[in-house]
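Good morning, everyone, and thank you for making the time. Please take a look at the sequence and the model on the screen, and then I will talk about its aromatic rings.

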Amino acid sequence: MKKEISYKECIGNVENQLTHGGAFLVTADGERVNAMTIGWGGINYYWNRPVFIVPVRQSRFTKEMLEKNGNFTVCVPVDNAEYARGLAYCGTKSGRDTDKIKDCNFTLSNGEKNGVPYINGNMYVFECKTLLQCDMTDDNTADEIAEGVYNRKNYHTLYFGEILACYKVQE
């Protein structure tokens, strides 16, 4: 069952899940669907619209897919324990090497607004369209972050995705 909700209804749940287990960032390039675990990100309001910001390391397969199709879906588990194995797997394996959707036995439904599938289950789902992407570099990142978090290597690209739709999905 899928119910459209306001993104405001689940901001607290999203923040809690990102800091205590993670969420799934789902991308598609027309032929393949990939899921990556994210532990950073958040919902804000920019340009008179709700925006989900997701960071993706510049070396990731997900970044390659986002370059082909700027749309993405964020799937936030309602119950972390139910998805702990999938979050761990999607956070340690590369979509270049394996089909993580198949390996985790996820079933997908098609996004209605952005064309990117989402993971079925007990999830909050955000269908997003990229409005802006910003590459982190040595020049635009504070030294304490560049040296402490990144060792001046493998920075993130930040994707600002307009939230086109938000659902609570339950099996």
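Let me start with Lys2, whose charged end sits over the ring of Tyr167, 4.2 Å from the ring centre; a charge sits over a ring if NZ of Lys or CZ of Arg is within 6 Å of the ring centre and within 35 degrees of the ring normal. Please keep in mind that this is a predicted model, in which local features need pLDDT of at least 70 and side-chain atom pairs count only at pLDDT 80 or more, while totals for chains, interfaces and linings use all residues. Residues are numbered from 1 along each chain as its sequence is written, and side-chain values use heavy atoms, with hydrogens and water left out.

Turning to ring pairs, the structure holds 8 aromatic pairs, where rings of Phe, Tyr and Trp (its six-membered ring) pair if their centres lie within 6.5 Å, and planes under 30 degrees apart count as stacked, over 60 as edge-to-face and the rest as tilted. One of them joins Phe24 and Phe106, which are edge-to-face because their planes stand at 75 degrees, with the centres 5.3 Å apart. Phe24 is buried, with a relative accessible area of 0%, and Phe106 counts as buried at 13%; buried means under 20% relative accessible area, exposed over 50%, and partly exposed in between (1.4 Å probe, protein chains only). Ring pairs also link Phe24, Tyr83 and Phe106 into a cluster.
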